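Hi,

Here is the structure I said I would pass on. Have a look when you get a minute, and my notes follow below.

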Amino acid sequence: MRKKIVAGNWKMNCTLPEGKKLASEIIHMVQDEVNNDTDVILIPPFIHLTGIQNLICSSKNIFLGAQNCHQNQNGAFTGEISAGMLVSCGATHVILGHSERREYFGETDELLAEKVSFALENQLIPIFCCGEKLEVREAGKHEDLVSMQVEKALFGLSEDQISKVVIAYEPVWAIGTGKTASAEQAQEMHAFIRKQIAAKYSQETADSISILYGGSVKPENAKEIFSQSDVDGGLIGGASLKSRDFTNIVKSFD
Ligand code: PGA
């Protein structure tokens, strides 16, 4: 059985007190109300990690993630954060290749290949994001593009390494736009990615990797999207900033 995962990417939102309040509301609601064993990952800005880790403590099924990391362990890289530093703050996961990092910070698949492998070396689970822009989908090239992103960033990994990666399919046109991919569009792409992994590695490994959908997931549409056989959960942006909405998204697996 693949792991079901709901991860909340807070992006550049919340002061520390706001973030602690949000995290503690989510932790309590999840503990009190959720009747499934979905892994919940809180992904705040870097500087909130320690404060939020103290709130999570050993809460069952609740984990801490970061939104990015550098591809070197340490050194003269002013303003950057390494995988080892994240682990030392209690992080278990790291988002790599979010479309906002690709678009605004010029992150390429080659760079992401380095980051993914470095994160894994540090026992950090990468949540690797892929997904096409609207014009690519309209040109019917979305599968080619996603397949290239996956191949370039992940296919240098060994089978053992890739089996530890979480993949998030996030069509760029659905992120923060209120426009969600239909359940069928999500299922189609997730099955396509899984097939590509099976062809490169093995069916067993492909079947073991959690593939999350991201892009305007809300309590109202989560159940339908998550019910697709190749959709193993979600990477949630906007709705992860509202404790009630985020918890209800986790509850859609009940
Ligand atoms: P959204 O963001 O849920 O606000 O669309 C998703 C993401 O960027 O991961």
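How far from an oxygen atom of the ligand does a backbone N or O atom of glycine 238 lie? The distance is 2.8 Å. Bear in mind that this is a predicted model.

Staying with the ligand: there are 13 residues around it, and Lys11, His98, Glu170, Gly176 and Ser216 come nearest. Lysine 11 puts a polar side-chain atom 2.7 Å from a ligand oxygen. With serine 216, a polar backbone atom is 2.7 Å from an oxygen atom of the ligand.

Lysine 11 is worth a look for its backbone too. This residue sits in the loop between β1 (5–9) and α1 (16–33), and its phi is positive, about 55 degrees, although it is not a glycine. Most residues other than glycine have a negative phi. Cysteine 57 also has a positive phi, of about 45 degrees, and is not a glycine either. You'll find cysteine 57 in the loop between α2 (49–56) and β3 (62–66).

Then there is a helix pair. The axes of α5 (residues 109–121) and α7 (residues 142–154) come within 7 Å and cross at roughly 45 degrees, so the two helices are oblique to each other. Their crossing is right-handed. On the α5 side the contact is made by Asp109, Glu110, Leu112, Ala113 and Val116, and on the α7 side by Gln149, Lys152, Ala153 and Leu154. Sorted by type, the residues of this contact are five nonpolar, one polar and three charged.

Cheers

How values were computed. Residues numbered from 1 in each chain as written. Predicted model: local features only at pLDDT ≥ 70, side-chain atom pairs only at ≥ 80, totals over all residues. Heavy atoms only, no water. Axes fitted to C-alpha atoms, helices over the stretch in contact; angles between N-to-C directions. Helix = DSSP H or I, 4+ residues; strand = E, 2+ residues; numbered from the N terminus. Parallel < 35°, antiparallel > 145°, perpendicular 65-115°, else oblique. Left-handed = near helix turned anticlockwise from the far one by under 90°. Contact = heavy atoms within 4.5 Å. Nonpolar A, V, L, I, M, F, W, Y, C, P; charged D, E, K, R; others polar. Near = heavy atom within 4 Å. Polar contact = N/O pair within 3.5 Å; in protein donor to acceptor, adjacent residues only side chain to side chain.
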